[in-house]
Amino acid sequence: MREYLKFYIDGQWVAPVTPRTAEVINPATEAVSGTISLGSPADVDKAVAAARRAFAAWGEASVKERLDLLEAIQAQYLKRERELGEAVTEEMGAPLSLGTGFHTLLGKGHLQTAIEVLREFPFERKAGTSIVRYEPIGVCGLITPWNWPMNQTCVKIFPALASGCTMILKPPQLAPYSAQILAEIIADAGTPAGVFNMIQGQGSVIGNALSTHPDVDMISFTGSEQVGVQIQKDAADTVKRVGLELGGKSAWIVLDDAAMAGNVAGATAGMMGNSGQTCSAGSRLLVPRARLDEAVKAAADACNAVTVGDPQGDFAMGPVVSKGQFNIIQDYIRKGLDEGAQLIAGGPGRPEGLDKGWYVRPTVFVGTNAMVISREEIFGPVLVVIPYDDIDDAIAIANDSDFGLGGYVSGVDADECRRVARKLRTGAIWINGGFDFHAPFGGYKRSGNGREWGEYGFHEYLEIKAIIG
Ligand code: NAD
């Protein structure tokens, strides 16, 4: 049983101003796995004041001092990597191999990338006859979701630190453990008091106190569209910069020249990873109409091959994060059936033999792009296969979405894959499984306005100053 009752504020582990706790539920067992404290606006005031004091020195720290700190954090991170992964598994249900694998690898990758970018980043450049300086924006509120907890905290904290900002992290209430360990790592690395602060609690309380705080300069938020909109409104009165990384409904286009079965199987299994709880999941699979039968068989076979069970065991998929998320996904599966989508694998309810824990059946429909299951983010292991007539039709279907976060293209002809990628109205397109820590990540349209990862993540936390004459 975990017990994390203290916050990290001004270089100290401190009790909340007003003691209040909440239980954390293990989604694999539905049992209580631990207790955290819930903060109040008074805790936020303390942390913001500490961050403001610390900014005076940290905002002026040399690149060498910032690199030394990031490298000290890296040494601690590597020592506790396994522990971080175990915490991810316990808090949000990812299989242990994924929690201790890709989840923690992403955090480690963002840290290493921040170090690499910081070594080269030109904080002063020339524009015409003027000097352009990139200066840290100041005190930042970092608000993160539960679905890839290490990725989302690390992709904010390390560029913010590298840029010379000070910060208050508000982790997700559903998945608070890995962030608590990460805070210990950052504290143990000798981070100067007040530079990094962490308060657990409810979004409507801590998140709101940060968004409305007059002495917070920017908010970096990753989460749902609904909350993103609310934060932008809350932050408007104090004219804060708000970076939003929101949801998606990304299309995965399999080109006609591609080996259909292998690519469809890969796309299906990939989408089911992390129980489909990935903002950039390729949840609309676009295949040539002439090869629909082949694609449907491959998608059904791949879906039926996804093993579901105890995240501590050897299964491809664990539960989804909570009862609430389970119910949302069940509603969408029912909506898919009601609107006449053809169910080719999975369906409502839990997988056979799993009566406890928030386990969902990996599910594939064949449908149209007009259906609710193709338009709204389900955030679960539910894939919709949509046939297209020709490549222009595929591009039109992919772009016919309120979201614009990601996209995928599978095909043999690299030039054609890139031509299609250029036509897609999304922030990132992955071709044939490409991956790059230095590539920007963020959304068009309702998927948000921020750009994280690599050098692009630094700009979120930097002001631009012109020195003319
Ligand atoms: P959420 O919006 O419910 O919560 C995200 C965070 O915001 C949590 O820490 C929560 O406590 C906090 N919060 C809630 N209400 C708030 C308020 N009024 N003011 C300030 N903060 C508040 O999202 P979630 O359910 O944790 O995450 C799932 C969503 O995140 C999905 O829509 C997913 O697509 C999105 N997401 C986007 C990206 C991306 O990079 N674009 C990455 C991962 C997840």
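This is a predicted model: local features need pLDDT of at least 70, side-chain atom pairs count only at pLDDT 80 or more; totals for chains, interfaces and linings use all residues.
1. Let's start with the domains.

2. Now to where the domains meet. On each side, 29 residues take part: 29 of domain 1 are in contact with 29 of domain 2. Together the two domains bury about 2,300 Å², and 60% of that area is on carbon and sulfur atoms. If you want to find this interface on the domain 1 side, look for E30, W146 and S447, which supply 24% of the area that domain 1 buries against domain 2, more than any other three residues.

3. Next, a helix pair worth a look: α4 (residues 96–120) and α5 (residues 149–163). Their axes come within 8 Å and cross at roughly 15 degrees. Angles under 35 degrees count as roughly parallel, so α4 is roughly parallel to α5. The crossing of α4 past α5 is right-handed.

4. Which residues of α4 and α5 meet? From α4 come H103, T104, L106, G107, H110, L111, A114 and L118, and they face P149, M150, N151, C154, V155, F158, P159 and A162 of α5. By type, this contact has 11 nonpolar residues, five polar and no charged.

5. Helix α4 has another partner, α3 (residues 81–92). Here too the axes come within 8 Å, but the crossing angle is roughly 120 degrees, which makes α3 oblique to α4. The passage of α3 over α4 is a right-handed crossing.

6. On the α3 side of that contact you will find E81, R82, L84, G85, E86, V88, T89 and M92, and on the α4 side L96, G99, T100, H103, T104 and K108. These residues divide into four nonpolar, six polar and four charged.

7. Finally, have a look at α9 (residues 260–272) and α10 (residues 292–304). They pack at an angle of about 40 degrees, with axes 8 Å apart, and that makes α9 oblique to α10. Again, the crossing is right-handed.

8. What makes the contact between α9 and α10? M260, A261, V264, A265, T268 and M272 contribute from α9, and E294, A295, A298, A299, A302 and C303 from α10. Sorted by type, there are 10 nonpolar residues, one polar and one charged.

Notes:
Residues are numbered from 1 along each chain as its sequence is written. Side-chain values use heavy atoms; hydrogens and water are left out. Axes are lines fitted to C-alpha atoms, for helices over the stretch in contact, and angles run from 0 to 180 degrees between N-to-C directions. Helices (H or I, at least four residues) and strands (E, at least two) are DSSP runs, numbered from the N terminus. Angles under 35 degrees count as roughly parallel, over 145 as roughly antiparallel, 65 to 115 as roughly perpendicular and the rest as oblique. A crossing is left-handed if the near helix is turned anticlockwise from the far one by less than a right angle, and right-handed if clockwise. Contact means heavy atoms within 4.5 Å. Ala, Val, Leu, Ile, Met, Phe, Trp, Tyr, Cys and Pro count as nonpolar, Asp, Glu, Lys and Arg as charged, and the others, Gly among them, as polar. Buried area is the accessible area (1.4 Å probe) that two parts lose on being put together, summed over both.
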